Amino acid sequence: MKIYNTATGRKETFEPLVAGRVSMYACGPTVYNYFHIGNARTFLFFDVVRRWFQYIGFDVRYVQNITDIDDKIIAQATLDVVPAAQVAEKYATAFIEDTNALGIEQPDYQPRATQYIPQMIALIDELVKKGHAYELDGDVYFAVESLPGYGSLARKNLDDLKVGARVAANTRKRHPSDFVLWKAAKPGEPKWDSPWGEGRPGWHTECVVMSQDLLGDTFDIHAGAIDLIFPHHENELAQARARTGKPLANVWMHGGFLNMRGDKMSKSEGNFFTARDVLQKYDAETVRLFFLSKHYRSPIEYSPELLDEARTAMANFYDALQFVGWKPGNDAQASWSDEAKARRDEFIAAMDNDFNTARAVSVLFELARAIKNEKDYAIELRREFARLLVDLGGALGFFTDAASRLEVGGALTGKLLDLLVGYRIEFRSRKMYDMADRVRDDLAALGVELKDTRDGTVWSVRHDEVE
RNA sequence: GGCGACAUGGCCAAGUGGUAAGGCAAGGGUCUGCAAAAUCCUCAUCCCCGGUUCGAAUCCGGGUGUCGCCUCCA
């Protein structure tokens, strides 16, 4: 198992802290709005990371936070003329709904910043006492110069940052890169008591406190999108090192962006679609396939054409399953035939190589092709391929609901369809083609597709349009 | 100004020194009452210029282009 580690800039063999276990923390959303489809890429990818670790036998402990107190939430609350907590609650709920709709498994723990205020205050206090932070009119800042090696994660040095700093604002900070740990409350803002007066925590502290509380001082994997490397993750790392002298995480994983017409999709630039919007047009598996068709560290261009392609491809997978009469059951077999094993090994090798999902997905395509290839493969083998397809696909989060997708409205509906198909077969054998075609056309109007294969007439329900 | 990533067929995309996976689209054949499906065939020398090597899309140097980070940000 090799993973690209931002901290070292290299692909490394993954060595868990505890054999057989993985502790991972992914930065979640700041809940001031619906998240966009670019955010979805990140959430979805780390869902796949988690599923993969589980597939290969790891016991995974997965934490993803929700930032429910932040300047942007306060700003939105001001616009909506409601309490900030109400904005946070609304979009936190929406976040959970939307990630569910995307087929993302909920994390084992989903801490919220406001649940950890005392712990954050304790950490900040400790940093002040150790000389790594200082107060300034009710704000508290982390002194980046107090910590040798600050900037190592992003491979930046303080001098360069000084030059590049475009933020003039607070000239009273000791160093322009000093970042805020505690913010004094302005009138009307949400606030908590602290040794430095009433205020709220800065963004970079919550993840340190929550991850260390739930996963320990140092854990296996810390994840997020590429933009979080600096300053967010750098600042988390700084606080953790200042506190414990140890790294916060052994492996830092960062996913690439989803771009819109060349630019990164971003709420502040207004060029985005919410995941909600996209799910109106494309089902969750289509979105998943669209993302997983490319390596997670590469940028992806948002493209309706490619989403359409992904939809076609997904339909083909289900066609293949239908083709050999796949039924839910023991897809995860203890042993596989040589033919199946060869493909499974290829899939595993791809995933174990820094989560090469694009390569892994191509194995699924090859399986689908083989499943439908009645000429070269015996039906038993093709059925095994189907089980393998569902098994491996499941490791990527596909086919989790295949049974119900392939099933139509219960047993009676299935029997009625078989009856109608029987009529078509009968009509065809009597060369009553107008009636035979009427059966097919009428069913097509209802979204049921008939195909006359060598093995007889089969029906399938079109699922490629989401209303 | 500093740091970093990427550049593969009509489109998407894998490839990490051994002679270009896969998907979509397109064209042609077989099969078929028709349609669909299935099946067979066709479709790239990897941004440019140098270098290393028996051999490079893959390594090194130099260009060009695109993008990201340095500021809230998935």
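In the predicted model, an N or O atom in the side chain of Lys72 lies 2.2 Å from a sugar or linking oxygen of RNA strand B, a polar contact being a pair of N or O atoms within 3.5 Å. Bases of RNA strand B are also approached by the protein backbone: a base nitrogen is 3.0 Å from a polar backbone atom of Gly38, and a base nitrogen is 2.8 Å from a backbone N or O atom of Asp452.

Around RNA strand B there are 52 residues, of which Lys11, Lys72, Trp203, Ala225 and Lys294 come nearest; a residue is near the strand if one of its heavy atoms lies within 4 Å of it. By class, this surface comprises 24 charged, 14 polar and 14 nonpolar residues, where Asp, Glu, Lys and Arg count as charged, Ala, Val, Leu, Ile, Met, Phe, Trp, Tyr, Cys and Pro as nonpolar, and the others, Gly among them, as polar. Helix H12 (residues 357–372) supplies the largest share, seven residues; helices are DSSP runs (H or I) of at least four residues, numbered from the N terminus.

Phe317, Leu321 and Phe323 of helix H10 (residues 304–323) are in contact with Arg382, Ala386, Leu389 and Val390 of H13, contact meaning heavy atoms within 4.5 Å. This contact has six nonpolar residues, one charged residue and no polar residues.

Residues are numbered from 1 along each chain as its sequence is written, and chains are lettered from A and ligands numbered from 1 in the order written. Local features need pLDDT of at least 70 and side-chain atom pairs count only at pLDDT 80 or more, whereas totals for chains, interfaces and linings use all residues, and side-chain values use heavy atoms, with hydrogens and water left out.

Terms used:
A polar contact is a pair of N or O atoms within 3.5 Å; within protein, one must be able to donate a hydrogen and the other to accept it, and residues adjacent in sequence count only if both atoms are side-chain atoms. Helices (H or I, at least four residues) and strands (E, at least two) are DSSP runs, numbered from the N terminus. Axes are lines fitted to C-alpha atoms, for helices over the stretch in contact, and angles run from 0 to 180 degrees between N-to-C directions.
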